[in-house]
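Please write a short report on the protein model shown here.

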Amino acid sequence: MELVSSKDPQLREVVWFAVCCRALTLLLQALFNLLIPDHAADAFSPPRLSEPGLWDLLLEQLLGGLSRWDAEHFLFIAEHGYLYEHNCAFFPLYPLSVRAVAESALWPLQRLLRLRSRLLLSAMLLNSLFSVLAAAALYKLGCVVLQCHRVAFLAAILFSVSPANIFMAAAYSESMFAFLAFSAMWQLEKGQSWLSGLLFSLASGVRANGLINVGFFLYSSCKHFALQLQCYAYGRFCGPGIGLEQTVPKPLLQLALDKGYGLAARNGVKPPWCSQQFPVVYSYIQDTYWNVGFLRYFELRQIPNFLLALPVTLLGSWAAWTFILANPWHCLTLGLERRKSEEEGKPRAGFCCPAVFVYVVHATVLLVFGFFCMHVQVLTRFLGSSSPILYWFSAHLLQEYEPLLWSEGTDDQIVALHSEKSLLGKPPGSCGKETSENPLVRLLMNCSLIKPLSKCVLSFFLSYWLLGLILHCNFLPWT
């Protein structure tokens, strides 16, 4: 594969660091899941239809932290299909992929593990692979768009310690979506329109916000999977539910009755959305089951969730403002007209180069929509898996304002040069000579010397990385 077969030493470091971070994530989630008792959360928790064996119990101890909250929905869909109405809020490509791996690559383990355990193992393996490939794709995309390998390298390294890390590891669709979206953007930048269109279309089958990628490609290509799901949902939940009691296990029917989950039409009674002029199941589910809508989350009791979303909101807003200040004419003309000075001069490299414009617009649309119309605490993973801007701008801030990244050499040489470089006020060519040394490791090894801004950026990434593992894996509220 082109992503990982390159001789680029920076790409090799990105892949190696991503693998190490994923291994550490899996180790820590198992440890925290073992040491901290699970919170009794009012979350989707379907009954198990078969008794677990010894190996099932062992796997649950090791990987159970990856099956919390919405992960239960994905695993349930992979095992039983779209049985309940609210399952249709989760798009099909990820659970289909999880089921395919469980029934093929993990088929030899069927004597040791029940299907649910194989699905959980499949999700872990797929997300580990997709998160590593997403980091590599982000690096390749950054090299093409930013024209600055140092910033692209640092951004890809930051992706491996993303604030949304736990959702890249758990049985969620974030890793798969990030890989498909970043790869599609990269292929489009290379001029590979057909391959890019295919990847964007696949991404629209993973998450609903894949449709927002219309800004990068044709709408008709991206909406294909969503329309298929819509037609499937209408046929299943608005058609006659003949013989439902015989096809659905009794424990799952009882769960629907206890929790009020919608099933396929029974006795001629159809869900309300079936009778709408435009019967769209996704918006109905988000409205009915999760109370998602414009300004609905603006309540005093949601202040803690707004505080959770504050860092990513500030970073996203700052990124957009920084780009606008650096490229006012480009933004006013939507990038369709360039000034004569821009045409004659050498194109600017780094985060403020004109090529970043469409990515800034994309990220800003996601930010505004998520802040006003969604459960605001999901903004971190929403942006972290959908847009490169969070990582590019964070890398830009570190590269521009952290003197430790302006020099090369041993740690002793860096310390000696630190005070002198700080007096310069500006980085001496932030897109200069490339190095395969991990910049994040350098900053952490010299954390006492780094600037306050760098500490804030790194604290956001690493604290959310760690807190997500501790809280999410034990059914405690998180982003």
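pLDDT is the predictor's confidence in each residue, on a scale from 0 to 100. That score matters here as this is a predicted model. Over residues 420-425, pLDDT stays under 50. The model has seven contacts beyond four places in sequence for residues 420-425. Across the protein chain, the average pLDDT is 85. A score of at least 70 is reached by 84% of the residues.

## The chain as a whole

The protein chain has 479 residues, and 54% of them count as buried. Its secondary structure comes to 24 helices and zero strands. Take the contacts in the chain with a separation of 6 or more: 77% of them join residues 24 or more positions apart. The accessible surface comes to about 21,800 Å². Carbon and sulfur atoms account for 64% of that surface.

How many of the 10 residues of helix 4 are buried? Eight are, so helix 4 (residues 71-80) is largely enclosed by the rest of the structure. The buried residues are A71, E72, H73, F74, L75, F76, I77 and A78. They pack against helix 5 (93-103), helix 6 (115-146), helix 14 (250-259) and helix 15. After helix 4 comes G81, with a positive phi near 80 degrees.

Helix 15 spans residues 281-290 and includes Q286. Q286 has a relative accessible area of 15%. The cut-off for buried is under 20%, so Q286 counts as buried. Leaving out residues up to four places away in sequence, Q286 touches A89, N291 and V292.

W69 sits in the loop between helix 3 and helix 4. Its phi is positive, near 50 degrees, and W69 is not a glycine. W69 is partly exposed, at 24% relative accessibility. Q147 lies in the loop between helix 6 and helix 7. Q147 is not a glycine either, yet its phi is positive, about 55 degrees. Is Q147 buried or exposed? Q147 is exposed, with a relative accessible area of 54%.

## Aromatic pairs

A search of the whole structure finds 29 aromatic pairs. One of them is F159 with Y391, an edge-to-face pair. F159 lies in helix 7 (residues 149-159) and Y391 in helix 21 (residues 389-401), so the pair ties together parts that are 232 residues apart in sequence. F159 is buried, at 4% relative accessibility. Y391 is buried too, at 0%.

Another pair is F294 with F372. Their planes are at 40 degrees, so this pair is tilted. F294 is in the loop between helix 15 and helix 16 (303-326), while F372 is in helix 19 (residues 357-373), so the pair ties together parts that are 78 residues apart in sequence. F294 is exposed, with a relative accessible area of 59%. F372 is partly exposed, at 32%.

| Pair | Centre to centre | Angle between planes | Type |
|---|---|---|---|
| F159 and Y391 | 5.2 Å | 75 degrees | edge-to-face |
| F294 and F372 | 6.4 Å | 40 degrees | tilted |

F159 and Y391 also belong to one aromatic cluster. The cluster is made of F159, F182, Y391, F460, F461, Y464 and W478.

## A buried glutamate

E174 is placed in helix 9 (residues 174-189). At 0% relative accessibility, E174 counts as buried. Which residues does E174 touch, not counting residues up to four places away in sequence? They are F167, M168, R207, R381 and S385. E174 and F382 are 208 residues apart along the chain, and their C-alpha atoms are separated by 8.3 Å.

## A nonpolar patch

On the surface, L54, W55, L58, L62 and L112 form a nonpolar patch. Together they have about 540 Å² of accessible area. L62 lies in helix 3 (residues 54-63). L62 counts as partly exposed, at 46% relative accessibility.

How values were computed
Residues numbered from 1 in each chain as written. Predicted model: local features only at pLDDT ≥ 70, side-chain atom pairs only at ≥ 80, totals over all residues. Heavy atoms only, no water. Patch = residues over 30% accessible without salt bridge, like charges linked within 9 Å, V, L, I, M, F, W, Y side chains within 5 Å. Areas by Shrake-Rupley, 256 points an atom, 1.4 Å probe, with all protein chains shown as cover. Salt bridge = Lys/Arg side-chain N within 4 Å of Asp/Glu carboxyl O. Helix = DSSP H or I, 4+ residues; strand = E, 2+ residues; numbered from the N terminus. Buried < 20%, exposed > 50% of the residue type's maximum accessible area, 1.4 Å probe, protein only. Contact = heavy atoms within 4.5 Å. Phe/Tyr/Trp six-rings, centres within 6.5 Å; stacked < 30°, edge-to-face > 60°.
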